[in-house]
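Please load the sequence and the coordinates before reading on.

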Amino acid sequence: MKKRENEWAEWMRAGLAGDATAYKRLLEALTPYLRMVLRGSSAASGLGAADIEDVVQETLLAVHLKRQTWKTSEPLTPWLRAIVRNKMVDFLRKRGRGGQVQLPIDDMLETLAAPEAEPQLTPEDVGKTLKLVNGRQREVVRAIAVEGLSTAETAARLSMNEGAVRVALHRGLTAIATALRTED
C-alpha cells in the first residue's frame, strides 16, 4: 500500500512537472483502483457496472482538472478518495432516489432553443446595492463582485490579508441579502 502510494505520488509530481508518460501511467493505474473503491460502495447505493464506469470516468476527469489542487507534500490517496466520494455523491444526486429519468429531447427543443434574457443591472442598481454596506465591506464587495478581482488581488489593493477579505465579502453579501429581503 505504501509503495503504491509513493509510486502514484511520484507519477503525479512528474505529471505536474510536464511528464506526460508518468501522468498517463498514473491515470492507467488509478482506473482499476477507482473501480474497486466504487464497487465497494456501490452495493449500498445500487449502482450497476455502467454507473460505476460513469463515476470512474467523471473521477478521472476531475483528477485531471483539479490536479493542481493536490499538495505535493501530502499523500495522494486521501485527495483522490475525496474526489471519488464527491463524484459518487454528485452521481447519486443527479440520478435521484427514483432512479434515472430519461426524457426525449425532441419534446424540449423549443424550450432549449429559446435563450432567456438575463436580467441586466444598471450602474444605478449596483450603486444602490453597494450603499447597503459600509466601509471595508463595500470596498471588498465592489472589488470582487463588481470589478472581478480575486481575493488575493483585493487583499493587496486594500492592504488586508486574504482571510479578512473573505470575511468582509461574506459579511457584506449577507448584509446585502438581508437588506434586499426586508425590502421585498
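## Salt bridges

Glu28 and Lys24 are joined by a salt bridge between their side chains, at 3.3 Å from N to O. The term stands for a side-chain nitrogen of Lys or Arg within 4 Å of a carboxyl oxygen of Asp or Glu. The model is predicted: local features need pLDDT of at least 70, and side-chain atom pairs count only at pLDDT 80 or more, while totals for chains, interfaces and linings use all residues. Residues are numbered from 1 along each chain as its sequence is written, and side-chain values use heavy atoms, with hydrogens and water left out.

The structure holds 6 salt bridges, and the table gives some of them, including the one above.

| Pair | N to O distance |
|---|---|
| Glu28 and Lys24 | 3.3 Å |
| Lys87 and Asp90 | 3.8 Å |
| Arg166 and Glu162 | 3.8 Å |

Glu28 and Lys24 are 4 residues apart in helix H2, so about one helical turn separates them. Lys87 and Asp90 are 3 residues apart in helix H4, again separated by about one helical turn. In helix H9, Arg166 and Glu162 are 4 residues apart, about one turn of the helix. Helices here are DSSP runs of H or I with at least four residues, numbered from the N terminus. An α-helix has 3.6 residues a turn, so residues three or four places apart point the same way.

How exposed are these side chains? Accessibility is sorted into buried (under 20% relative accessible area), exposed (over 50%) and partly exposed (in between), with a 1.4 Å probe and protein chains only. Lys24 is exposed at 52%, whereas Glu28 is partly exposed at 48%. Lys87 has 22% relative accessibility and counts as partly exposed, as does Asp90 at 30%. Arg166 is partly exposed at 47%, and Glu162 is partly exposed at 38%.

## Nonpolar cores

A nonpolar core is a set of buried Ala, Val, Leu, Ile, Met, Phe, Trp, Tyr and Cys residues joined through side-chain atoms within 4.5 Å. The largest such core has 27 residues, and those with the most contacts inside it are Trp8, Met12, Leu26, Leu30, Leu34, Trp79 and Leu80. At least two residues of this core come from each of helix H1 (2-16), helix H2 (20-45), helix H3 (49-66) and helix H4 (76-95). H2 supplies the largest share, 8 residues.

Leaving aside residues up to four places away in sequence, Leu26 touches Trp8, Trp11, Met12 and Leu76, where contact means heavy atoms within 4.5 Å. Another core lies apart from the largest one; this other core has 12 residues, among them Val133, Val141, Leu158 and Met160. In soluble globular proteins, nonpolar side chains tend to be buried together.

H3 also has its own list of buried residues: Asp51, Ile52, Val55, Val56, Thr59, Leu60, Ala62 and Val63. At 1.5 Å a residue, the 18 residues of H3 should span 26 Å, and its end C-alpha atoms are 25 Å apart, which agrees. The expected span is 1.5 Å times one less than the number of residues.

## Rings

How many aromatic pairs does a search of the whole structure find? The search finds 1. The ring centres of Trp8 and Tyr33 are 5.0 Å apart and the planes stand at 70°, so the pair is edge-to-face. The pair links distant parts of the chain, with Trp8 in helix H1 and Tyr33 in helix H2, 25 residues apart. Rings of Phe, Tyr and Trp (its six-membered ring) pair if their centres lie within 6.5 Å; planes under 30 degrees apart count as stacked, over 60 as edge-to-face and the rest as tilted. Trp8 is buried at 3% relative accessibility, and Tyr33 is buried at 6%.

Arg67 lies over the face of Tyr23, 5.6 Å from the ring centre. For a charge to sit over a ring, NZ of Lys or CZ of Arg must be within 6 Å of the ring centre and within 35 degrees of the ring normal.

## Local features

Ser159 has a positive phi of about 55° although it is not a glycine. Ser159 is found in the loop between helix H8 (151-158) and helix H9 (162-183), and is exposed at 68% relative accessible area.

Leu92, in helix H4, is partly exposed with a relative accessible area of 27%. Leu92 and Leu47 are 45 residues apart in sequence and 8.9 Å apart in space, C-alpha to C-alpha.
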